[in-house]
Amino acid sequence: MATSRLLRTAGTVLTATALLISGCSSGSPSSGAAASRNPASGGTASAGTAPAPATSTLKPLPTAVPAALRPYYDQKLTWRECGVVGFECTTMKAPLDYEHPSAATDLKLAVSRKKATGPGDRLGSLMVNPGGPGGSAIDYLQQYAPQPEAVRARYDMVAMDPRGVARSEPVTCLSNAQMDDFTRVDQTPDDAAEADRLTSAFRTFAQGCLRRSGARLGHVSTAESARDMDILRAVLGDEKLTYVGASYGTFLGATYAGLFLSRVGRLVLDGAMDPALPARTMNRDQTAGFNTAFTAFAKDCAKQRDCPLGTGGPEEAGRRLRALFKKLDAHPAPTGGPRTLTESLATSGVTAAMYDEGAWPVLREYLAEAQKGDGRGLLALSDSYYERDPDGTYANQMFANPAVNCLDLPGAFSSPDEVRAALPAFRKASPVFGESFAWAALNCAYWPVKPTGAAHRITARGAAPILVVGTTRDPATPYPWARSLAAQLSSATLLTYDGDGHTAYGRGSDCIDTAINTYLLESTPPPPDKTCT
């Protein structure tokens with residue numbers, strides 16, 4: 001398996017595992033959505049405990065399109081070839097600020113589609129989003145979209161890069177060289193000086209985003225992207241939205257359902273998030289999710305003759321991996337080039353392989369090499385995680401991700417002292433990843449734009465049937481989140497994949513794929529609480 005393809009799964013990056021990512025975004029009732037802010041979701045709770053889930057509910061927008069937005073809904077798209085066989089591309093206008101739309105500040109959002117191939121009657125458009133936040137929906141559609149021929153035959157497959165992402169006026173923060181430095185910063189500080197260097201890196205990153213991205217930084221919320229999706233639905237000529245969203249894309253889809261009840265068509269939310277959770281709870285849950293995935297990897301590794309983490313099972317494997325991280329913290333490993341493998345880069349490399357059990361054999365190989373002092377393999381995994389090309393160029397995902405997250409939800413922590421107080425809970429959630437995940441969740445404390453959203457429930461009462469999909473050992477979107485979202489959405493059916501890895505659709509389960517395809521083609525959800533393997 002090529003390292004560059006290890007992160008091809010639908011969810012892309014969502015978690016607090018990288019230095020700049022605060023955790024899953026959870027609610028953005030801005031731009032017309034009327035959910036009230038949950039006072040418990042900010043950084044004022046006692047440092048060692050996580051705030052309670054929100055009880056406020058996202059309220060729908062008025063059904064009628066406001067007069068000020070009518071020009072956007074009435075626009076005509078001009079399609080053109082875009083260099084990928086079978087696909088065409090266009091740009092769509094959307095207001096930077098939905099409360100104060102102005103042509104002078106319009107955004108141009110990139111859209112791509114592949115028309116229905118037939119046979120059979122065309123069912124309309126099917127939008128896809130791979131998650132992140134910050135993953136390019138267009139790249140996903142053109143390269144990896146898992147929808148099978150039967151679905152592609154009946155739908156025009158459509159993707160729009162969300163505002164601030166990839167081709168849609170991307171948020172930028174650091175130069176490539178600065179980003180190389182940023183990813184190397186120690187994310188498990190051993191003393192006050194190292195903690196100061198970490199917080200200084202967060203501040204530098206945040207100020208770089210403000211300096212390079214300007215006003216856009218305050219208008220990349222999930223609620224605004226959901227409203228962009230409704231404009232696209234309208235200009236494509238669809239009465240209702242049909243959509244497949246993975247990972248963060250489930251939050252985007254659920255937000256759409258909560259805002260536009262009467263326009264919900266067939267929505268698949270795969271690798272579901274729980275929008276009712278505040279940031280600290282989400283980060284801790286996700287820490288436990290990656291521990292579940294690591295436990296599964298360790299058990300599998302112990303059965304292999306080439307396991308570099310021993311044959312004693314998860315506990316021994318965790319001790320050996322922590323020992324490797326500690327060694328790299330003191331003495332980064334050479335990689336055959338100017339860069340070395342630090343503890344932080346090794347952690348992101350191991351994290352990357354947790355998304356897909358297909359990467360486990362490669363991870364075993366690269367861990368063995370790192371133990372012998374060769375850091376090239378784990379560095380390649382880390383680069384794949386950060387979307388760093390061999391020429392040193394970074395995609396914008398790692399910039400868009402915190403821009404959305406820190407706007408959608410108040411940060412998990414407000415100070416290093418709060419992180420220190422919460423470390424025991426995070427270490428309990430994962431002895432391997434807990435410390436680095438906790439410190440990573442501090443980044444939004446230094447964000448230059450105040451959050452516009454808060455944790456909230458989404459019920460979408462009155463919407464058409466929605467299909468929520470959860471994987472039992474999903475690291476990035478833990479299975480309890482799928483159960484919670486399915487319980488919140490009044491018309492949802494939960495479909496469970498009993499397996500490993502992030503998301504379920506198109507990953508090898510005929511049972512899952514058949515259930516989802518039947519729903520998309522016939523509008524018939526599976527029986528309640530159906531479980532597949």
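# Briefing on aromatic pairs, sheet and pocket

The structure holds 15 aromatic pairs. A ring pair joins two rings of Phe, Tyr or Trp (its six-membered ring) whose centres lie within 6.5 Å, and the planes of a pair count as stacked under 30 degrees apart, as edge-to-face over 60 and as tilted otherwise. The model is predicted, so local features need pLDDT of at least 70 and side-chain atom pairs count only at pLDDT 80 or more, while totals for chains, interfaces and linings use all residues. Residues are numbered from 1 along each chain as its sequence is written, and side-chain values use heavy atoms, with hydrogens and water left out.

**Aromatic pairs**

- A pair of aromatic rings is described by the distance of the centres and the angle of the planes.
- The ring centres of Phe182 and Phe205 are 4.8 Å apart and their planes stand at 35°, so this pair is tilted.
- The pair links distant parts of the chain, since Phe182 belongs to helix α4 (residues 176–184) and Phe205 to helix α5 (residues 192–213), 23 residues apart.
- Helices (H or I, at least four residues) and strands (E, at least two) are DSSP runs, numbered from the N terminus.
- Phe182 is buried, with a relative accessible area of 5%, and Phe205 also counts as buried, at 2% relative accessibility.
- Buried means under 20% relative accessible area, exposed means over 50%, and partly exposed lies in between (1.4 Å probe, protein chains only).
- Ring pairs also link Phe290, Phe294, Phe297, Tyr355, Trp360, Phe433 and Phe437 into a cluster.

**The sheet as a whole**

- Strands of a sheet pair through backbone hydrogen bonds, either parallel or antiparallel.
- Two strands count as paired if DSSP finds at least two bridges between them.
- An open sheet is formed by 10 strands in the order β1-β2-β3-β5-β4-β6-β7-β10-β11-β12, and its pairing is mixed.
- At the edges stand β1 (80–81) and β12, each with a single partner strand, so one side of each is left without a neighbour in the sheet.

**Strand β5 and its partners**

- Strand β5 (residues 155–160) pairs with strand β3 (residues 107–114) in the antiparallel sense over four bridges.
- Within this pairing, Val111 stands opposite Met160, and Ser112 stands opposite Ala159.
- Strand β4 (residues 124–129) runs parallel to β5, and five bridges join the two.
- The bridge partner of Leu126 in β5 is Met157.
- β5 is mostly covered, with six of its six residues buried.
- Tyr155, Met157 and Ala159 point one way from β5, whereas Asp156, Val158 and Met160 point the other way, and all are buried.

**Strand β11 and its partners**

- Strand β11 (residues 492–500) is mostly covered, and seven of its nine residues are buried.
- Strand β10 (residues 466–473) and β11 run parallel and are joined by seven bridges.
- Arg473 has Asp500 as its bridge partner in β11.
- From β10 the chain crosses through helix α16 (residues 479–488) to β11, and this β-α-β crossover is right-handed.
- A crossover is right-handed if, with the strands pointing away from the viewer, the path from the first strand over the helix to the second runs clockwise.
- β11 also pairs in the parallel sense with strand β12 (residues 530–532), over three bridges.
- Thr496 stands opposite Thr531 in β12.
- The chain crosses from β11 to β12 through helix α17 (residues 510–522), and this β-α-β crossover is left-handed.

**The second largest pocket**

- On a 1 Å grid over the protein atoms alone, a pocket is an open set of points with protein on both sides within 12 Å along at least five of seven lines, and lining residues have an atom within 4 Å of a point.
- The second largest pocket has a volume of about 300 Å³.
- Grid points are joined across faces, edges and corners, and a volume is the space filled by probe spheres set on the points.
- The lining of this pocket consists of 18 residues, of which Thr188, Arg322, Phe325, Glu343 and Glu435 lie nearest the centre.
- The elements that give two or more residues to this lining are α9 (314–330), α10 (343–354) and α15 (434–440).
- The largest share of the lining, six residues, comes from α9.
- The lining residues divide into five nonpolar, five polar and eight charged.
- Ala, Val, Leu, Ile, Met, Phe, Trp, Tyr, Cys and Pro count as nonpolar, Asp, Glu, Lys and Arg as charged, and the others, Gly among them, as polar.

How values were computed: 1 Å grid on protein atoms, 1.4 Å probe; cavity = no way out; pocket = protein on both sides within 12 Å on 5 of 7 lines; lining within 4 Å.
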